[in-house]
Amino acid sequence: PIIDLRLAILTWTFYKQSFLKQVLTEGERYVMTFLNVLNFGDQAAELWRIEYSRSFLFGYQEDVSMAATVLEMLMKLVMLIGLTITVFGYSYSHLALNIYGGSMLSSGPGPTLLRCYCVYVLLLAINGVTECFTFAAMSKEEVD
C-alpha cells in the first residue's frame, strides 16, 4: 500500500491530540474574538502553562511517592495562587474594568465576563497540573 496503516493511525492520534490541545488552550481567545470582547486576562493564563514542563516535574521520577509529593505541593501552590486571584478578581472586577476602560467596559456584561474568566483561569490551572501528571505517568500505549 501507498500509506503505512500504522503510521497513519499514529498521525491521526497526534492530530486529534494537537487539535484538542489547541481548542483547550486557545479556546477563550476564539470566543473572545468572535464575541468581540476585550481580553486582557491572557497574561494571567500564561502563568499557568505548567503542563509544558511535565517531563521535568514528573517524567524523571522513578519513585511514585516522590512524584505524588511533587503533585501535592504543586496543587497546593496552584490552588493558593488561583484562589487568591479568583477572590480578588471576583470582588474587584467592576473596579478594574472601570479603571481600565471606563464606564464602557464596566457597564453591561463586562464584570460578569471577567468574574467568569477568573474562575476559568483557576480551573485551567488545576487542569494543567493534573493533565501534566497524568500524561507523564502514562505509557506510550495509554496515550494513544
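Predicted model: local features only at pLDDT ≥ 70, side-chain atom pairs only at ≥ 80, totals over all residues.
I take a residue as buried under 20% relative accessible area, exposed over 50% and partly exposed in between, with a 1.4 Å probe and protein chains only. I number residues from 1 along each chain as its sequence is written, and side-chain values use heavy atoms, without hydrogens and water.

**Entry: Ile-99**
I looked up Ile-99 and found it in helix α5; helices are DSSP runs of H or I, at least four residues, numbered from the N terminus. Ile-99 is exposed, at 67% relative accessible area.

**Entry: aromatic pairs**
I counted rings of Phe, Tyr and Trp (its six-membered ring) as a pair with centres within 6.5 Å, calling planes under 30 degrees apart stacked, over 60 edge-to-face and the rest tilted. My search of the whole structure gave 4 aromatic pairs. One of them, Tyr-15 with Phe-19, is stacked, at 6.4 Å centre to centre and 20° between the planes. Both residues lie in helix α1 (residues 5–34), 4 residues apart, about one turn of the helix. Tyr-15 is partly exposed at 47%. The pair of Tyr-117 and Tyr-120 is tilted, at 5.9 Å and 40°. These two tyrosines are about one helical turn apart because they stand 3 residues from each other in helix α7 (residues 110–137). Tyr-117 is buried at 8%, whereas Tyr-120 is partly exposed at 29%. I also noted that Trp-12, Tyr-15 and Phe-19 form one aromatic cluster.
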